[in-house]
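Here's a quick tour of the ligand sites and one surface feature. Have the sequence and the model open as you read.

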Amino acid sequence: MVQAPVTLTPKDYKSEVKPTWCPGCGDFGVLNATYRGLAGLKLSPEQTVVVSGIGCSSRFPHFMKTFGIHSVHGRALPVAQGMKMARPDLTIVAVGGDGDFFSIGIGHLIHAALRNIDITAVVMDNEIYGLTKGQTSPTSPHGHVTKSTPYGLQASTFNPIATALTLNVSFVARGYSAKPKELAALIEQGTLHKGFAFIHALSPCPTFFNTFDAWDASVTPIAADHDSSDRMKALALAMDTEKQYMGVFYKEERTTMDQAAHELSLKGKDFDIDKYMSRYA
Ligand code: SF4
Ligand code: MG
């Protein structure tokens, strides 16, 4: 992580491109929280990369004055991980929505958890497909009626926090776009964490599924005395779906793949390829 020598403010991360989201979209709150979080860490914008997939929230990199890649559907995590392996000096933030991360991209979430590469993922969850005009997503509630599910959704609902915890993700947190100060603090903590940080950012879509009132009522800060090293206690909070607990559920320091690769590359300097290949002569 490279810190800039001068004082940075949130507006130093804001690009000249104006967000094209609908008025009132929750993603505005997540964007502001990201500006704040990166400014709080005094991260140099030139040393920071924001990577996204496809979806409304994946327009995010255009609105950041950092480097950015608006990549391929569901592939924000592989692009972000590859970049960190090649350039461990950069700070990498992967962003996207519930469709991108939990539907087409779900396989990549599993492997990002196993590798524990030092990147931060901020997933803006509005429980709907916004870009394609309001079909159900993996996090839509059972029974939800849309144009594509006129008799109500007949599938169960994906639980992002419980999944991240059972995959052994090393930093698991939830924030809410309507509470950008708290969300900024989580983005700061997730970025400082050495390893894969997963931040579930509730981010309503007022155009196709307005969950602001429901989340205003159900978002509950995690108690100050919660033991974030206890995965089973974190799981109990995640399974209480009546509430949307907000804060750090779980964190654990363990070896990251980028660090392990760096150490192996140092050892590799003494590797004698001719001696190794002579076995096969
Ligand atoms: Fe935001 Fe929904 Fe509009 Fe997409 S459709 S920009 S998610 S409010
Ligand atoms: Mg969505």
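The shell around ligand 1 splits into 7 nonpolar, 3 polar and no charged residues. In this count Ala, Val, Leu, Ile, Met, Phe, Trp, Tyr, Cys and Pro are nonpolar, Asp, Glu, Lys and Arg charged, and the others, Gly among them, polar. The members include Trp21, Cys22, Cys25, Cys56 and Asn126, each with a heavy atom within 4 Å of the ligand.

A note on the ground rules: this is a predicted model, with local features needing pLDDT of at least 70 and side-chain atom pairs counting only at pLDDT 80 or more, while totals for chains, interfaces and linings use all residues. Residues are numbered from 1 along each chain as written, chains are lettered from A and ligands numbered from 1 in written order, and side-chain values use heavy atoms, leaving out hydrogens and water.

Now for the magnesium ion (ligand 2). Its protein donors (N, O and S atoms within 2.8 Å of the metal, or 3.2 Å for Na, K and Ca; water is not among the atoms, so sites may look incomplete) are Asp98 (OD), Asn126 (OD1) and Ile128 (O), 2.2 Å from the ion. Along the chain they follow the spacing D-x27-N-x1-I. Aspartate 98 sits in helix 3 (residues 98-104) and isoleucine 128 in the loop between strand 4 (120-125) and helix 5 (160-166), 30 residues apart.

How do some of these residues compare in exposure? Buried means under 20% relative accessible area, exposed over 50%, partly exposed in between (1.4 Å probe, protein chains only).

| Residue | Relative accessible area | Class |
|---|---|---|
| Aspartate 98 | 2% | buried |
| Isoleucine 128 | 1% | buried |
| Phenylalanine 271 | 52% | exposed |

Phenylalanine 271 lies in the loop between helix 9 (257-268) and helix 10 (273-278).

Key: Helix = DSSP H or I, 4+ residues; strand = E, 2+ residues; numbered from the N terminus.
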